Amino acid sequence: MKARGLYLHFPFCARKCSYCDFPSFPGKERYMAPYLGALLKEIGGYNKEKGEKYRISTIFMGGGTPTLFNGDHLAGALDKCRECFNVDEDAEITIESNPGTVDHKKLLVLRKSGFNRLSIGLQAWQDRLLKFLGRIHTAREFEDAVLMAQKAGFENINADVIFGIPGQSLEDWLETLKRTAALNVTHISAYSLIVEEGTPLYKLKQKGLPGEVAEDAEREMYHKGVDLLERLGFYRYEISNFARPGYECRHNLNYWKNGEYIGCGSGAHQYLDGVRSYNTPDLEAYIEMMSKTGNASLGSEKIDRDQEVFETLMLGFRLTEGIGKDDFHKRFGFDLSERYSDRISALKREGLVLEDDTAIRPTARGFDFQNQIALTFLD
Amino acid sequence: MPSPRQQKIRNFCIIAHIDHGKSTLADRLMEYTGSVTEREMEDQILDMMDIERERGITIKATAVRLVYKDDDGEEYIFNLIDTPGHVDFTYEVSRSLAACEGALLVVDASQGIEAQTLANVYLAMDHNLELIPVINKIDLPSAQPELVKREIEDVIGIDAESAPLVSAKNGIGIESVLKSIVAHIPPPSGDEDAPLKALIFDSLYDNYRGVITYVRIMEGRVRPGDRIRMMATGKEFEVTDVGIFSPALVPTAELCAGDVGYITASIKNVRDTRVGDTITHADRPTDKPLPGYKKVNPMVYCGIYPADGARYDDLRDALEKLRLNDASLMFEPETSVALGFGFRCGFLGLLHMDIIQERLEREYDLDLVTTAPSVIYKVVKTNGEVIEITNPTNLPPVTEIESMQEPMVKAQIMSPAEYTGSIMELCQERRGVYKTMEYIEGTRVLLTYELPLNEIIYDFFDALKSRTRGYASFDYELIGYSDSNLVKLDILLNGEVVDALSLIVHKDKAYQRGRVIAEKLKELIPRQMFEIPIQAAIGNKIIARETVKALRKDVLAKCYGGDISRKKKLLEKQKEGKKRMRQIGTVEVPQEAFMAVLKLN
C-alpha cells in the first residue's frame with residue numbers, strides 16, 4: 001500500500017518571531033488543551049473500523065512550537081497516530097522545537113515514546129541577530145538544547161538557520177554554519193530570509209531597514225554557504241536543505257517527490273487520494289468546527305493528471321537529484337525528455353538544467369532560478 | 001416658402017461644452033414634451049455606449065422627435081439632433097448642423113464660454129443657423145448670468161438679452177426654452193415635390209436591419225420601396241423602411257422635405273452611407289448633391305496588436321465590426337518585428353483613437369499592445385517623389401530624404417488670464433508659434449497658436465489642464481503642412497532596434513526625448529536573467545543609454561506541504577505576467593513599454 005506522510009500542526013509559540021507568517025499565535029495558552037482535544041479528534045477520524053488504515057511512513061509535528069506542550073501530551077498524540085494509522089515500524093518521526101522549550105526530561109520522554117528526529121530553531125549564532133528576529137533564546141541556549149537532545153538519545157537532529165538577515169555579514173553567516181555543524185547535527189535547513197507581508201518585519205521594511213542585505217550579497221551568502229557546508233560534510237539535496245549522507249528528511253522528500261500526505265490541525269494542508277485540501281488557519285474556528293462537525297476543512301481542489309505532472313516537475317526540480325526518468329515514466333506513462341524535449345533544450349541552453357541517462361536535474365545556476373525552470377513547464 | 005406642414009417643424013441641435021449640461025437639458029425637453037416617460041428615459045435615451053456615458057461625451061449623433069403643444073394648443077414637431085462634442089468629430093458636427101435650422105447655445109452660468117463651444121458656434125454660424133443662447137445652471141451660487149450674457153454678446157456678437165435662464169437639473173425655465181424654439185428657430189423649407197435630396201448626418205449598423213441611415217430630407221420625399229442612390233459612392237439600394245426617432249425607431253409612410261428621420265435599405269456597410277453624402281432617387285435623381293460633402297481622412301495613426309498573437313483574427317473581426325459603425329476608422333494589416341501581426345489604424349484624432357482602443361478591449365475583450373501615435377509626415381525624396389509616412393519605421397534612409405514636412409494646427413486656448421504665462425510657456429516648449437491674444441471680459445484670454453500636430457498628440461491637453469488647474473479649454477484645426485527638421489529616433493534593446501518603438505521627432509528634441517524614453521523603459525522592463533542595455537539612437541549615433549541589471553535569483557526558499565498550492569498560484573501569476581510581455585529577441589518587454597514614449601513627464 002502507498003506510503004504517505006502525516007503532518008500535525010501545533011499553532012502555539014512563546015513569542016511570534018518577526019519574520020514568521022505561519023498560522024501560530026502567542027498568548028493563546030488557554031486554548032492549548034481544547035486544541036489538543038480537537039486535534040486528537042481529527043486524527044481519530046481516520047480510525048477505520050472496517051477497511052484498511054492509511055499507511056504512514058513519516059510523521060512530522062510542526063508549528064509553532066510543538067514542544068510548548070508537555071512531553072506526555074505529545075507522546076499521547078503520537079500514540080493516537082499509531083492507533084489510527086498503519087504507521088511503519090521504521091517511520092521517521094520528527095518534532096520541531098525551540099531552545100528554551102525543551103529540557104532533558106521532556107526530551108527523554110519524547111525519544112522514548114518514539115520520536116527519532118528533532119528539529120531545533122537556531123536561525124543565527126549571533127545574539128544581536130536573534131534579538132532582531134524576535135527569538136526567545138541565545139546561541140548558547142541552542143547549543144545546550146542540542147547537547148541535551150543528543151544525551152537523550154536523539155542522533156538525527158536538524159538546525160534551522162537563516163541568511164540575508166538585516167545586519168548579518170557574510171562572516172556572521174559562515175560562523176553560524178561552522179558552529180552549527182561542529183555540534184554534530186545531521187541536517188541543516190538554511191533559508192534565505194523572506195519578508196512576508198503582514199509580518200512585523202514587513203512593517204519594519206516599509207520604513208526602511210538599516211543593514212538590509214542586498215541581492216548580490218544575499219546570493220554570495222548562499223553560494224559560499226553551500227560550498228562551506230559541502231566541505232563540512234553536508235550536501236545540498238534541496239534548495240534550502242543540507243544533510244549528512246543518509247540523513248535527508250524523508251518527510252520533506254515526500255513533498256518534493258509530490259507524494260501524498262495527511263495534515264491535521266489548524267491551517268494544515270493535505271494531499272490525499274488526489275485531492276489537495278486545507279483546514280481553517282483560525283485556531284478558535286478550528287476548535288469549534290472540530291467539536292461541531294468533526295471537520296475543519298476550508299477548501300479543496302481535485303488535482304487532475306496535467307496538474308499532477310506540473311506539480312511533480314515544479315517540486316522535483318527543487319531537488320539535487322532532479323526528476324528521475326524511470327520514476328517519471330512509471331508514474332505518468334510517458335517519457336519526460338520526449339514530451340518536453342523543446343522546453344528541456346531551452347533550459348539546457350540557458351544553463352539551468354543538466355540531463356543524463358537517468359535524470360534531469362538543476363545546475364548550480366538552476367538552484368538560483370528554480371521558478372524559471374518550473375515556469376517552463378507551466379502551460 | 002415653408003409649406004403649412006413645414007411651418008410646424010423645428011429642427012435644431014444643442015451646442016455646449018462638456019459639463020455645461022447638454023444632456024440634462026435634452027432630457028428635460030423630452031420630459032416636458034412628454035416624449036418619453038421617466039422610466040423610458042433611463043432605458044432608451046441614456047442607453048448609449050458605456051464609454052459615452054462615462055466620459056460625458058457624445059460619439060455618435062442621435063436624434064429624437066418631440067411633440068410640443070403651445071399655449072394655443074398648436075402642435076409642433078421638434079427634431080433635436082444631438083451632435084458629437086469633440087474636436088475629433090468636427091466634420092460630423094458640421095453635417096449635423098447642416099441638418100438643422102437653429103441651435104441652442106448652452107452656456108454654464110458660472111463658467112462662461114469655452115474654446116470648444118466657440119469652435120462649434122462658428123461652425124453653426126457658417127451654416128447660418130439661428131442661435132438661441134440658453135444660460136444654464138442658474139441655481140448655482142456662483143452663477144453670474146448677467147456677466148455670461150455680456151460675454152456671449154461680446155465674444156459671439158449675438159443678442160443675449162432675452163436668453164432663457166434655466167436650471168436643467170432643477171427643471172427651471174424649460175418652458176421658456178420651448179417657446180424660444182418656436183419663436184426664433186425658422187421652420188424648414190424645401191420643395192416637397194422636387195427630386196429627392198436627403199442629407200446623411202450619421203449612420204448606425206444594426207445586426208437585423210443593416211445600416212440605419214440618419215437623414216434630413218432637404219427636398220422631395222422618400223417611401224419604402226423607392227430605389228435610392230448615394231450620390232458620392234454611386235451605390236443604389238431599395239428602401240425597406242423609413243421612419244422617425246421617437247426616440248425608438250418608428251416607421252412612417254414617408255419622409256418629406258423638412259423631416260428628420262431614418263432610412264433602412266438592407267445596406268451592409270456604413271461606408272456606403274458616408275456622412276455628408278446626398279441620397280436621391282435612382283429613377284428621378286436631383287441634378288446636384290448638397291454642398292459640403294467630403295471624405296474625412298485620419299489625422300493620427302498607431303499600430304494596434306493583439307497582446308496574444310493567437311487573437312489576431314479576433315482583433316481583425318472586432319475592427320471590422322467597429323468599422324461597420326464608424327466610416328472614419330481605417331485599418332490595414334501591418335507586421336512588426338517586435339509585435340508580430342497587427343494593424344496600422346488611422347483615427348480622426350486622439351479621442352477617437354482612445355475610444356476605439358477602449359471599445360476593442362471592453363466590448364471585444366481583447367488585450368492590446370498599441371504603439372505611440374504618429375501623425376502623417378510628408379517626405380520629399382531626393383528623386384523628387386513625395387511619400388506620406390504613417391509609421392515611423394517606414395521612413396526612408398536619411399540619404400534618400402530631401403526634406404520633410406509635418407502637419408500644423410491652429411490651436412485656440414481659452415483660459416482665465418492668470419494662467420497666460422504658463423500656457424505660453426507650454427506652447428513654446430511644444431514649438432508653438434504665437435499668433436494672437438484676446439481678452440474676454442477682462443478676466444479671460446483667448447490665445448491662438450500655431451503648433452505642430454505631433455506636439456499635441458501626446459500629452460498636450462493633460463499638460464495644459466495641469467498647468468491651468470483644469471480651467472483652460474482647447475480646440476484645434478489642421479491648417480496644412482510645413483517644412484521641419486525631423487529625425488527618426490530608434491530604441492535598441494540588447495543591441496537590436498525595436499521597430500515598434502521608433503518615432504519621428506524634431507531634431508532639437510531628439511536628445512531629451514531619447515534620454516527620457518530610455519529612463520522610462522528602464523523603469524518598465526523587469527530585470528531578467530541577463531543584463532539588458534537600452535539605447536536611444538539617431539542613425540548610428542547612440543544618444544542615450546541605460547541598463548537593466550541582471551536578476552540574481554528567482555527562487556522560493558521554502559516549499560513544504562502547506563506551500564504547494566500557493567507556490568503554484570504564484571507561478572501562474574508569474575506566467576500571466578510573462579504572457580503579457582512581448583518577447584523581443586531574448587528580452588521580455590511589458591506592453592506598457594510601447595506606450596512609454598507617450599508619458600514624458
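Biologist: Leaving aside neighbours within four places in sequence, which residues is Leu80(B) in contact with?
Modeller: Leu80(B) is in contact with Phe12(B), Cys13(B), Ala26(B), Leu29(B), Ala63(B), Val64(B) and Leu66(B); contact means that C-beta atoms, placed from the backbone, lie within 7 Å. Bear in mind that this is a predicted model, where local features need pLDDT of at least 70, side-chain atom pairs count only at pLDDT 80 or more, and totals for chains, interfaces and linings use all residues. Residues are numbered from 1 along each chain as its sequence is written, and chains are lettered from A and ligands numbered from 1 in the order in which they are written.

Biologist: Thanks! And which residues touch the most other members of the largest nonpolar core?
Modeller: Leu80(B), Ala103(B) and Leu105(B) do, in a core of 166 residues. A nonpolar core here is a set of buried Ala, Val, Leu, Ile, Met, Phe, Trp, Tyr and Cys residues joined through C-beta atoms within 7 Å; buried means 20 or more other C-beta atoms within 10 Å, exposed 12 or fewer, and partly exposed in between.

Biologist: Switching to helices: at what angle do α6 and α8 of chain A cross?
Modeller: Roughly 30 degrees, with the axes of α6(A) (residues 170-182) and α8(A) (residues 215-231) coming within 10 Å. The two helices are therefore roughly parallel to each other, a label for angles under 35 degrees.

Biologist: Which residues of α6(A) make that contact?
Modeller: Leu170(A), Trp173(A), Leu174(A) and Leu177(A), which meet residues of α8(A) including Met221(A) and Leu228(A).

Biologist: What about α11 and α13 in chain B, at what angle do they cross?
Modeller: α11(B) (residues 420-429) and α13(B) (residues 460-467) cross at roughly 155 degrees, their axes also within 10 Å. That pair is therefore roughly antiparallel, the term for angles over 145 degrees. Ser422(B), Ile423(B) and Leu426(B) of α11(B) meet Ala463(B), Leu464(B) and Arg467(B) of α13(B).

Biologist: Is Asn184(A) buried or exposed?
Modeller: Exposed, with 12 other C-beta atoms within 10 Å of Asn184(A).

Biologist: And which peptide bond is cis, with omega near 15 degrees?
Modeller: The bond from Gly63(A) to Gly64(A). Gly64(A) is in the loop between β2 (55-63) and α2 (71-84) of chain A.

Biologist: Last one: how many residues of chain B are in contact with chain A?
Modeller: 20 residues of chain B, in contact with 30 of chain A.

Methods. Contact = placed C-beta atoms within 7 Å. Axes fitted to C-alpha atoms, helices over the stretch in contact; angles between N-to-C directions. Helix = DSSP H or I, 4+ residues; strand = E, 2+ residues; numbered from the N terminus. Parallel < 35°, antiparallel > 145°, perpendicular 65-115°, else oblique.
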